[in-house]
Amino acid sequence: MRRIIQFIKEWTLPVSIATGSILYLVFAFVPVLDSAANLFAPIFNAALPLFMFLVLYVTFCKVDFRKLIPVGWHLWIALSQVLMVVLVLGVILAFNVVGKSLILLEALLVCIICPCASAAAVVTQKLGGNIEEMTTYTFLSNFLCALLIPICFPLIEKGAGITFLSAFMVILYKVGLVLVVPMLLAYITKHWHALCRFYHWIISMNNLSFYLWGCSLLIVSGTTIKNIVHAEVSSGFLLLIAILALLLCLTQFIIGRYIGHFFQNRVNAGQALGQKNTAFAIWIAYVYLNPLSTVGPGCYILWQNIINSVEIWKHNKSIDAKKM
């Protein structure tokens with residue numbers, strides 16, 4: 001039993017991915033469980049935003065708000081994201097890409113253009129990075145995303161029906177709901193004397209936000225497998241999207257870490273460019289682009305969390321080696 005618990009602690013993210021995927025497949029393909037699946041679906045849909053809120057709230061309780069300022073690598077990571085967006089957009093427009101090729105490029109584009117994951121600070125903290133710098137970039141990347149989407153998407157899908165102001169306000173609202181509210185509550189918890197004991201209890205739980213994120217990842221993984229299973233395309237085409245999403249994921253992590261090398265901050269820069277808010281990417285792809293392009297970010301979320309798991313495992317191993 002002790003070995004099982006230790007294994008779950010070391011590989012929390014892949015265990016969450018595997019559990020969520022298997023549970024969905026069991027409930028989807030065992031007829032006797034149909035009624036149970038219909039019962040639990042709205043519960044899981046309501047639980048996911050709650051878990052994400054708690055993840056950020058707990059993380060922000062450990063943030064020093066005086067250190068939330070832009071730093072040098074923020075600019076270069078943002079520029080690299082813009083350049084990759086321009087590259088993909090340029091290929092689509094220059095070669096007048098249509099059909100399945102357009103779906104492939106749209107799937108890649110949303111994985112590039114979407115902002116840094118709100119929970120990136122959780123992994124950054126596990127890897128010994130700076131959560132204040134990561135939190136600051138999360139805000140900046142959301143505003144960058146709010147600028148890029150209204151400019152790029154109407155050029156690809158002429159009938160997207162998206163205006164700059166409406167898209168900017170929608171994204172701004174989501175940023176406020178997802179990031180600002182838990183941050184404000186964390187700030188109140190941290191500085192209100194009446195909540196002092198509760199605050200110290202939260203920060204004493206070292207891995208609380210990480211395990212909460214594991215719970216949310218379990219739900220997201222099940223939803224991702226659902227989208228892939230019900231995608232109305234051939235398995236070969238799905239495999240191609242999955243492979244391209246993997247290559248893109250690796251590329252973004254590598255570029256981010258390369259940029260971070262010049263600022264002695266490989267962990268933060270790598271997570272900033274590589275770890276994406278794929279739930280948001282799926283939403284914008286479904287609303288404004290071809291719905292099949294949602295498979296791209298659906299696969300990306302699996303790849304990025306496998307990479308995160310390997311990074312955390314290597315980091316923990318290096319710490320254990322230093323202790324010996």
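**Entry 1: around I113**

I started with I113 and looked up its contacts, where contact means heavy atoms within 4.5 Å. Leaving aside neighbours within four places in sequence, I found I113 in contact with Q81, V85, C145, L148, I149, C152, F153 and I284. A note to myself: this is a predicted model, in which local features need pLDDT of at least 70, side-chain atom pairs count only at pLDDT 80 or more, and totals for chains, interfaces and linings use all residues. Residues are numbered from 1 along each chain as its sequence is written, and side-chain values use heavy atoms, with hydrogens and water left out.

Next I picked I149 from that list of contacts. I149 sits in helix α7; helices are DSSP runs of H or I with at least four residues, strands are runs of E with at least two, and both are numbered from the N terminus. I149 is buried, with a relative accessible area of 1%. Here buried means under 20% relative accessible area, exposed means over 50%, and partly exposed lies in between (1.4 Å probe, protein chains only). I also checked I149 against V85: they are 64 residues apart in sequence and 10.0 Å apart in space, C-alpha to C-alpha.

**Entry 2: the cores**

Which residues of the largest nonpolar core touch the most other members? I found I77, V110, I113, Y137, F153 and I284, out of 46 residues in this core. Helix α7 (131–156) is among the helices that each supply at least two residues, and α7 gives the most, with nine. A second, separate core has 29 residues, including V55, V220, I301 and L302. For the record, a nonpolar core is a set of buried Ala, Val, Leu, Ile, Met, Phe, Trp, Tyr and Cys residues joined through side-chain atoms within 4.5 Å.

**Entry 3: cysteines**

How many disulfides does the structure hold? I counted zero, taking a disulfide as a pair of cysteine sulfur atoms within 2.5 Å. I then looked at C111: its closest cysteine sulfur is in C114, and at 6.2 Å that is too far for a bond. C111 is buried at 1% relative accessible area, and C114 is buried at 0%.

**Entry 4: salt bridges**

Side chains of opposite charge can pair when their charged atoms come close. I used this rule: a salt bridge is a side-chain nitrogen of Lys or Arg within 4 Å of a carboxyl oxygen of Asp or Glu. The count comes to two.

One joins D64 and R66 at 3.2 Å, N to O. Is D64 buried or exposed? D64 counts as buried at 18% relative accessibility, whereas R66 counts as exposed at 73%.

Another joins E311 and R257 at 3.1 Å, N to O. E311 lies in helix α14 and R257 in helix α11, so this pair ties together parts that are 54 residues apart in sequence. E311 is buried at 12% relative accessible area, and R257 is partly exposed at 22%.

L185 lies in helix α8 (residues 164–191), and L185 is partly exposed at 38% relative accessible area.
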